[in-house]
Amino acid sequence: MTGVERTALLSLGSNLGPAERIFEAARQALAREPGVTLLAASPVERSAALGPTQPVFANQLLRLRTSLPAPTLLALLQAIERRLGRRAHHRRWGPRILDLDLLAYDERRHLDAHLRLPHPGLGRGYLRPLLDALEEG
């Protein structure tokens with residue numbers, strides 16, 4: 001841990017299984033982690049999936065405070081995905097039980113083979129209502 005607290009914005013997505021229960025399990029897993037405090041959660045919204053034809057996605061955004069460095073937080077998100085049933089070899093843009101993305105980490109910019117901040121998906125239109133809901137909450 002760095003000791004410096006930062007604000008992070010995460011997206012949760014699912015189009016396989018009961019999304020609300022999966023998201024609740026993900027939020028609980030995050031809340032149990034040292035150095036992570038959940039600040040706000042948007043309502044769950046549904047949107048058409050990007051990519052090939054597949055079930056509709058449920059989406060939720062979370063705002064949290066964390067003392068974890070961004071790469072460590074990303075590794076934690078990937079570990080939670082695996083614990084909650086995401087298979088390692090999924091098709092890109094394909095259906096999934098859980099997708100956790102680190103969208104933003106304060107105002108920091110980062111680019112390497114594993115992490116890009118802000119996340120390129122942050123500007124997608126389906127996120128706007130969720131971002132608005134976080135700001136209101």
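Visitor: Where is glutamate 81 found?
Guide: Glutamate 81 sits in helix α2. Keep in mind that this is a predicted model.

Visitor: Why is glutamate 81 called buried?
Guide: Its relative accessible area is 7%. The cut-off for buried is under 20%. Since 7% falls under 20%, glutamate 81 counts as buried.

Visitor: Which residues is glutamate 81 in contact with?
Guide: Leaving out neighbours within four places in sequence, glutamate 81 is in contact with Arg86, Leu98, Asp99 and Leu100. To be called a contact, heavy atoms have to lie within 4.5 Å.

Visitor: Which residues of α2 are buried?
Guide: Ala70, Leu73, Leu74, Leu76, Leu77, Ile80 and Glu81 are buried in α2.

Visitor: What makes you say that they line one face of the helix?
Guide: Look down the axis of α2: the buried residues fall within an arc of 160 degrees, so they line one face of the helix. On the face turned away from the buried side you'll find the exposed residues Arg82 and Arg83.

Visitor: How do you know that the span of α2 is close to the expected one?
Guide: Helix α2 has 14 residues and reaches 20 Å from its first C-alpha to its last. The expected span is 1.5 Å times one less than the number of residues, and for α2 that gives 20 Å. So the span of α2 is close to what is expected.

Visitor: What comes just after α2?
Guide: Just after α2 there's glycine 85, which takes a positive phi of about 110 degrees.

Visitor: Let's move to another helix. Why does alanine 29 count as buried?
Guide: Alanine 29 lies in helix α1. Its relative accessibility is 5%, and the cut-off is under 20%, so alanine 29 counts as buried.

Visitor: What does alanine 29 touch?
Guide: Not counting residues up to four places away in sequence, alanine 29 touches Ile80 and Arg83. Alanine 29 and arginine 83 are 54 residues apart in sequence, and 9.4 Å apart in space from C-alpha to C-alpha.

Visitor: What makes the buried residues of α1 line one face?
Guide: The buried residues of α1 are Ala19, Ile22, Phe23, Ala26, Arg27, Ala29 and Leu30. Seen down the axis of α1, they fall within an arc of 160 degrees, so they line one face of the helix. What covers these buried residues includes β1, β2, β3, β4, α2 and β5.

Visitor: Now the strands. Why is β1 called mostly covered?
Guide: In β1, 8 of its 9 residues are buried. Strand β5 is mostly covered too, with 6 of its 7 residues buried.

Visitor: How do you know that β1 and β5 pair?
Guide: To pair, two strands need at least two bridges between them. Strands β1 and β5 have 6 bridges, in the antiparallel sense, so they pass the test. Leucine 10 stands opposite leucine 102 in β5, and glycine 13 stands opposite aspartate 99 there.

Visitor: And how many bridges join β1 and β4?
Guide: These two pair over 9 bridges, again in the antiparallel sense. Serine 14 stands opposite alanine 58 in β4.

Visitor: Which residues touch the most other members of the largest nonpolar core?
Guide: That core has 25 residues, and Leu10, Leu30, Leu73 and Leu102 touch the most other members. At least two residues of the core come from each of β1, α1, β4, α2 and β5. There's also a second, separate core of 7 residues, which includes Ala40, Leu61, Ala104 and Leu131.

Visitor: What does leucine 73 touch?
Guide: Not counting residues up to four places away in sequence, leucine 73 touches Ala8, Leu10, Leu64, Thr66, Leu68, Leu102 and Tyr105.

Visitor: Let's zoom out. How many helices and strands does the chain have?
Guide: The chain has 3 helices and 7 strands. Reading along the sequence, you get the pattern β-α-β-β-β-α-β-β-β-α. Of the chain's 137 residues, 41% count as buried.

Terms used
Residues are numbered from 1 along each chain as its sequence is written. This is a predicted model: local features need pLDDT of at least 70, side-chain atom pairs count only at pLDDT 80 or more; totals for chains, interfaces and linings use all residues. Side-chain values use heavy atoms; hydrogens and water are left out. Helices (H or I, at least four residues) and strands (E, at least two) are DSSP runs, numbered from the N terminus. Buried means under 20% relative accessible area, exposed over 50%, partly exposed in between (1.4 Å probe, protein chains only). A nonpolar core is a set of buried Ala, Val, Leu, Ile, Met, Phe, Trp, Tyr and Cys residues joined through side-chain atoms within 4.5 Å. The arc is that of the directions from the helix axis to the C-beta atoms.
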